[in-house]
Structure formats: structure tokens, C-alpha cells
Protein chains: 2
Amino acid sequence: MISKNQIKLITGLHQKKQRFANQLFFAEGIKVIQELLQSNFELEYLFTTQNDFEKVEFSKRISITEQELKKISALSTPNTCLAVFKIPAEKKIIDSDLILALDDIRDPGNLGTILRLCDWFGIQQIICSKETVDIYNPKVVQATMGSIARVNVNYVDLKSFITNAKLPVFGTFMNGENIYQSALPQNGIIIMGNEANGISAEIEKTVTSRLTIPRFGKLQKTESLNVATATAIVLSEFKRKS
Amino acid sequence: MISKNQIKLITGLHQKKQRFANQLFFAEGIKVIQELLQSNFELEYLFTTQNDFEKVEFSKRISITEQELKKISALSTPNTCLAVFKIPAEKKIIDSDLILALDDIRDPGNLGTILRLCDWFGIQQIICSKETVDIYNPKVVQATMGSIARVNVNYVDLKSFITNAKLPVFGTFMNGENIYQSALPQNGIIIMGNEANGISAEIEKTVTSRLTIPRFGKLQKTESLNVATATAIVLSEFKRKS
């Protein structure tokens with residue numbers, strides 16, 4: 001059975017402030033939880049409505065009713081399990097061939113989807129501006145589908161990081177070289193910008209290669225692509241040519 | 001001021017059954033509403049907290065408080081306006097070079113993002129299985145960012161449509177020809193499958209070319225891409241080679 005204090009703790013973890021204060025986050029669903037257990041994430045509690053997760057030590061495994069799960073879940077339709085993990089210490093930035101830099105991505109679903117994409121395309125390192133949504137936000141954790149265990153994410157001063165890295169820097173804009181016809185190197189930093197405003201003026205100054213994803217629609221009214229789908233196309237092009 | 005009956009009507013329109021019964025749907029936010037107004041969508045009511053949309057006839061433009069908007073909105077953070085439109089009569093299927101077929105896409109955000117992608121890549125026609133989420137679901141309308149006005153969507157018996165079309169049929173699978181190395185034609189049907197289960201066994205039988213998006217991650221654990229990002233990569237490859 002779940003205690004009142006645990007309910008209070010976990011509902012608190014929906015907020016970034018409380019995740020930071022407690023150095024805890026939570027994940028929902030068998031698949032995501034199993035991926036985190038298999039990686040180096042340290043489990044605090046596991047709540048489940050089923051008789052599953054037999055390998056998890058008894059003292060940390062807590063039976064819970066569907067009604068109780070609904071109280072602590074971040075999902076409109078809760079799964080059967082929710083696990084609380086310690087937030088691991090931030091790892092050093094990996095010297096990955098390609099680094100994805102996120103300039104104020106605000107939507108948790110977008111960040112999660114982008115992590116999953118990086119995992120697919122073998123991009124080991126994401127660097128985020130301080131204004132980018134928290135990687136331990138429950139909606140991000142959910143959208144990563146477990147990729148959170150395999151892609152390294154650091155929050156940095158984006159401008160100074162990029163300036164110091166002395167690598168080719170790529171950004172997508174409405175005007176730029178057609179990405180399909182560009183020779184793309186195997187290493188560098190790829191910047192993706194905010195959902196509403198794109199790449200900020202300050203970060204735009206660091207870009208050494210301006211790229212564009214050509215638009216094929218006849219009406220030419222579509223303003224932009226969703227940032228996660230634009231990232232998919234850009235990473236696909238870099239990897240296809242690698 | 002909004003009436004009690006209008007509140008009841010609009011909160012009802014959050015449900016597919018009520019949208020169908022009333023033949024009405026709603027959209028939120030200036031950008032999406034303006035796109036729909038400029039297209040052939042027939043306005044029923046416009047509710048706004050601002051003194052905007054002067055061109056909309058007075059009898060249909062209703063001032064509303066933020067509290068009232070919160071009651072009828074489908075957004076956790078409501079915009080400044082919400083408009084109710086008539087659901088237009090389903091148009092005939094367009095003889096588009098490329099047709100995107102959706103086999104049970106359930107997530108509204110995914111369907112909306114896919115519509116926006118089709119708009120970008122000039123794909124004029126989407127056909128959906130009957131189990132695919134309703135195009136007039138508020139979350140779909142929101143995620144399209146106005147592209148709903150420019151891409152034709154029909155709900156059909158997918159199997160019999162594809163069988164009768166006598167076109168090349170493409171599907172992505174874990175095993176298939178590397179999409180980067182495939183010659184892709186300018187016309188055909190591209191099938192994208194359900195978020196959890198992929199393309200159904202019945203529809204898989206209609207596929208004439210099995211494609212795969214190669215995975216570059218070293219750990220090879222990523223199970224799949226999100227369906228909207230996979231669609232982005234597939235459409236990008238078809239259009240790049242067109």
C-alpha cells in the first residue's frame with residue numbers, strides 16, 4: 001500500500017522544483033521502467049497494480065490499486081506501474097562525432113521524441129540551453145520510450161559551449177543551402193531551435209553552415225515543420241551521408 | 001457573453017460522438033483560426049478575450065472572459081480565442097501522385113503532425129483506416145497548425161482502397177530495402193502503421209515494396225521511431241528523389 005507521504009512526494013515530482021529538491025524523478029509503464037532498471041538508474045520505489053517485476057527487491061516493490069495509481073500518475077490513462085528513480089549525477093559531455101544542441105525546446109513531447117531519434121541515429125550527446133524543458137519532466141521521460149538511458153544530456157550555456165567547441169556548426173533556416181544537396185561532415189554541432197521562434201539571434205551568430213529543408217507544398221503556406229520532425233529529417237540526412 | 005447552452009455545446013464537442021451529431025468542431029488560437037477562416041470552413045461562433053477578428057461578422061463574434069474560455073478550452077493553458085466551425089462535407093479523394101495511408105494512428109498529436117508534414121511535402125491526400133483518430137479531434141486540429149485546411153483526409157476501408165488503387169504500395173518495416181538506397185517512384189501509396197503495433201497483418205499483405213529506415217545507434221536497443229518522425233524521414237526520402 002502506498003503511504004500518504006509517498007503520494008505527496010510523487011505528486012510533488014510532477015514539478016521541476018520538487019524533482020530538483022528531492023533529486024528524484026518518476027517513470028511510468030513496463031517498457032520504460034525496465035529500460036531504466038537495466039541501465040544504471042537507482043530505483044527508490046516501484047508501484048505496481050500487477051504481480052510483476054519479481055526481480056525488484058521486495059522492500060522497494062509496493063502493491064497499489066488502480067485508484068491510487070491514478071492519484072500519482074501523470075498520464076490521463078495510467079499504465080499499471082510507476083517507478084521513482086534517483087536523478088543520476090550529470091555525466092561529462094561525451095566527445096561524440098555529432099552533437100545535437102537544443103536552443104530552448106519547451107515542449108516535453110518534442111524533447112522526448114528528439115532523444116528517441118538521437119538513440120536511433122547513434123547521436124550520443126545532446127546539449128540543451130538552460131531554458132530547455134527538464135529531461136526528467138514525466139512527459140519527456142514517457143516520450144523517450146527508454147532512450148533516456150542511452151543518450152547523454154547536459155544543460156549548458158549554449159553560446160559559450162558552441163563558441164569554445166571550435167567545430168562546424170549547422171542550423172536550419174528558411175533560407176540556407178538545400179540540405180539534400182549539401183555535403184555534410186561526420187562531426188559537428190547541429191542546432192535545433194525553439195518551437196515558436198526558431199534559433200535565437202544570439203545562437204544564430206555561431207552558425208557556420210546555414211541549411212534549409214526544401215518545401216514541396218504548392219501553396220507554400222506552411223510556416224514550418226514541427227521541431228521533432230525537422231530534427232528527424234536533418235539527422236537522417238547527416239547519417240545517410242556519413 | 002457566452003450562454004450556458006454554448007458552453008454545453010462546446011464541451012460536448014470535445015467528444016467525437018457530439019462532433020458527429022452536431023457536425024461541428026472547434027479550433028483554438030489566432031493562427032489556426034485565421035487559416036480556417038481564410039479557407040472554406042464555415043464559422044459558427046468565434047469566442048475571443050480580445051478586441052480582434054474585426055472582419056468576422058458581429059453576430060458570430062462573442063466576447064468572453066478568460067475564466068469562461070478556460071471552461072470550454074481543450075488546452076491546459078488556453079489561448080485567447082476559440083472558434084466553432086461546421087464540419088465540411090467529405091471531399092472526393094484527390095488523384096495525388098503520392099497518397100499517405102494511415103493504418104490506425106491513435107495519437108491526435110501524431111495525426112496533426114503528419115498532416116503538417118504532408119502540407120510541407122506537397123502530399124495532398126491522406127487516407128485513414130476507420131480506426132484512425134478523428135481529424136476533428138481538438139488536439140489534431142491544434143497540432144496541424146492550420147494544415148487541416150490544405151490536405152484532404154478521407155476515412156476509408158483501407159484494404160479495399162489499396163487493393164483497388166493498383167498503385168505501388170510502400171511500407172516501412174524492421175526488415176526491408178534500405179530506404180536511402182532505394183529508387184523511389186513519384187507516385188504510389190505510402191503506408192504508416194499504428195504507434196504500438198505498426199502496420200497490421202492484413203494491410204501488410206498489400207505492400208509491394210518493403211522499406212527500412214536504417215538504425216545507426218551502437219546499442220541497437222531502440223525499438224522504433226515515433227510514427228510522425230518516421231513519416232518525416234520517409235516523405236523526405238520520396239521527395240528528395242522526385
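In this predicted model, 36 residues of chain A are in contact with 37 residues of chain B. The area buried between the two chains is about 3200 Å². Carbon and sulfur atoms give 64% of that area. On the chain A side, Arg116(A), Trp120(A) and Phe216(A) lose the most area to chain B. Together these three residues account for 24% of what that side buries.

Next, the symmetry. Chain A superposes on chain B by a rotation of 180° with 0.0 Å of shift along its axis. The RMSD of that superposition is 0.0 Å. The two copies are thus related as by a two-fold rotation axis. Of the interface residues of chain A, 100% are also interface residues in chain B, so the copies meet through the same surface.

**Helix α7 of chain A**

Helix α7 of chain A spans residues 158–165. Which of its residues are buried? They are Leu158(A), Phe161(A) and Ile162(A). Seen down the axis of α7(A), the buried residues fall within an arc of 95°, so they line one face of the helix. The elements listed here are among those that cover them.

| Element of chain A | Residues |
|---|---|
| β5 | 98–103 |
| β6 | 125–129 |
| β7 | 152–156 |
| β8 | 169–178 |
| β9 | 188–193 |
| α8 | 201–204 |

What caps the N-terminal end of α7(A)? Asp157(A) does, with a side-chain oxygen 3.2 Å from the backbone nitrogen of Lys159(A). Just after the helix, Lys166(A) takes a positive phi of about 50°.

**The annotated region**

An unreviewed UniProt entry annotates residues 26–91 of chain A as "domain: RNA 2-O ribose methyltransferase substrate binding". Over residues 26–91, chain A is 24% helix and 27% strand. The end C-alpha atoms of this stretch are 19 Å apart.

**Glu68 of chain B**

Glu68(B) sits in helix α4 of chain B, which runs over residues 66–72. Is Glu68(B) buried or exposed? Its relative accessibility is 14%, so Glu68(B) counts as buried; the cut-off for buried is under 20%. Leaving aside residues up to four places away in sequence, Glu68(B) touches Met1(B) and Ile2(B). Ser209(B) is 141 residues from Glu68(B) along the chain. The C-alpha atoms of Glu68(B) and Ser209(B) are separated by 52 Å.

Notes
Residues are numbered from 1 along each chain as its sequence is written. Chains are lettered from A and ligands numbered from 1 in the order in which they are written. This is a predicted model: local features need pLDDT of at least 70, side-chain atom pairs count only at pLDDT 80 or more; totals for chains, interfaces and linings use all residues. Side-chain values use heavy atoms; hydrogens and water are left out. Buried means under 20% relative accessible area, exposed over 50%, partly exposed in between (1.4 Å probe, protein chains only). Helices (H or I, at least four residues) and strands (E, at least two) are DSSP runs, numbered from the N terminus. The arc is that of the directions from the helix axis to the C-beta atoms. Contact means heavy atoms within 4.5 Å. A polar contact is a pair of N or O atoms within 3.5 Å; within protein, one must be able to donate a hydrogen and the other to accept it, and residues adjacent in sequence count only if both atoms are side-chain atoms. UniProt positions are given in the numbering used here, feature names are shortened, and annotations may be inferred rather than shown by experiment. Copies are superposed by least squares on the C-alpha atoms of residues with pLDDT of at least 70 in both. Buried area is the accessible area (1.4 Å probe) that two parts lose on being put together, summed over both.
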